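Hi everyone, and thanks for making time for this. I'd like to walk you through a structure that may be new to you, so please have a look at it first.

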Amino acid sequence: MNEELENYFDVNKATWNLKAPIHAASDFYQLEAFKKGASSLHRYELEALGDVAGKTLLHLQCHFGQDTLSWSRKGAKCTGVDLSDQAIAMARELNEELELDATFVCCNVLDTAAHVQSQFDIVYTSYGVIGWLPDLKPWGRMIAERLQGGGVFYMVEFHPIAWMFDYLAPTPTLRYPYRSKEAIYEEYKGTYAATDAPMISKEYAWNHGLGDVVSALSEAGLTIAYVREYDASPYNIFPDLVEKKDGMFENNAKLYPLMFAIKAYK
């Protein structure tokens, strides 16, 4: 990894270290309800992966571990990976407090193979993950390496069209390319989970089109079962979304999908 990319990751890591305790205390993550038994998982991933009891599961970019531990509660033997050492420390504390058996590893997700040698039945990642990666080809190869034969990869992610807008502008403005090889830098007060937080988020990100995501996985040797696009998001993170009866959020105009999901096999 070159020096410029290392600097980008260092900046992002520092921001996510600041975010972790703020997120844990926010209404967005509902940590106290989670501790009492609430699941952080949503219908897309639950329907896609079904019964995970007895299966090994690698969760990439796990933040402070709620999804990882939700899968653990469902009987999976889980390993979570994240760039933020603060988030991983919190995940380990939460795992111990809840008396679960998940393992958490702090590393850049692209370096997962250097820190996690096991192969898994399931590799999972979700909701705001691939935009932090400059190149998805090594990501795809790492996923293929960490899956055992017959294993399943599943991701659910915000649609790349949604990331073409500058949401820091007074009105969301179409600004960023659908695919960006160059890093997109943003600096703003607060975080998506706590917009009034005193921290300053400093972030480098990249936009990846659906073709780039699918190709990274298929070229690594995975067989794509499906690519699906959805109008509804479980998170109210974009402007002017409307909450539906099922608790999901939609843009009433439905000019473009908010989410996509990919399921693939080795």
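Let me begin with a definition: a residue is called buried when its relative accessible area is under 20%, exposed when it is over 50%, and partly exposed in between, using a 1.4 Å probe and protein chains only. One more on naming: helices (H or I, at least four residues) and strands (E, at least two) are DSSP runs, numbered from the N terminus.

Please keep in mind that this is a predicted model, where local features need pLDDT of at least 70 and side-chain atom pairs count only at pLDDT 80 or more, while totals for chains, interfaces and linings use all residues. Residues are numbered from 1 along each chain as its sequence is written, and side-chain values use heavy atoms, with hydrogens and water left out.

Let's start with helix α5. This helix runs over residues 85–97, so to speak 13 residues in all. From the first C-alpha to the last, α5 reaches 18 Å, close to the 18 Å expected at 1.5 Å a residue; the expected span is 1.5 Å times one less than the number of residues.

Which residues of α5 are buried? They are Ala87, Ile88, Met90, Ala91, Leu94 and Asn95. These cover an arc of only 160° around the axis, which puts them on the same side of α5; the arc is that of the directions from the helix axis to the C-beta atoms. On the other side of α5 you will find Glu93 and Glu96, which are exposed.

And what covers that buried side? The cover includes the helices α1 (3–24), α2 (31–35) and α4 (66–73), along with the strands β2 (77–82) and β3 (103–106).

Let's zoom in on one residue of α5, namely Ala87. Ala87 counts as buried because its relative accessibility is 0%. Leaving aside residues up to four places away in sequence, Ala87 touches Asn17, Ala20, His63, Phe64 and Asp82, where contact means heavy atoms within 4.5 Å. Ala87 and Gly65 are 22 residues apart in sequence, and 7.7 Å separates their C-alpha atoms in space.

Most residues other than glycine have a negative phi. Glu99, however, has a positive phi, near 60°. Is Glu99 buried or exposed? With a relative accessible area of 72%, Glu99 is exposed. A second case is Asp240, whose phi is positive and near 65°. Asp240 sits in the loop between β11 (232–233) and β12 (242–243), and with a relative accessible area of 68% this residue is exposed.

Now for two serines in loops. Ser26 lies between α1 and α2 and counts as buried, at 9% relative accessibility. A polar atom of the Ser26 side chain lies 3.5 Å from the backbone nitrogen of Tyr29. Ser40 is in the loop between α2 and α3 (43–49) and is buried too, at 14%. The side chains of Ser40 and Asp67 are joined by a polar contact of 2.5 Å. By polar contact I mean a pair of N or O atoms within 3.5 Å; within protein, one must be able to donate a hydrogen and the other to accept it, and residues adjacent in sequence count only if both atoms are side-chain atoms. Among the other residues that Ser40 touches are Phe34 and Tyr235.

Next, helix α8 (210–219). Its buried residues are Leu210, Val213, Ala216 and Leu217. Seen down the axis of α8, they fall within an arc of 135°, so they line one face of the helix. Their cover includes α7, β5 (147–158), β10 (223–230) and β14 (259–265). Just after α8, Gly221 takes a positive phi of about 105°.

The helix α8 also leads us to a pocket. About 260 Å³ of space lies in the second largest pocket. Which helix gives the most to its lining? That is α8, with 3 residues. The lining includes Asp212, Ser215 and Ala216, and also Arg179 and Lys181. On a 1 Å grid over the protein atoms alone, a pocket is an open set of points with protein on both sides within 12 Å along at least five of seven lines, and lining residues have an atom within 4 Å of a point.

Definitions and conventions:
1 Å grid on protein atoms, 1.4 Å probe; cavity = no way out; pocket = protein on both sides within 12 Å on 5 of 7 lines; lining within 4 Å. Points joined across faces, edges and corners; volume = space filled by probe spheres on them.
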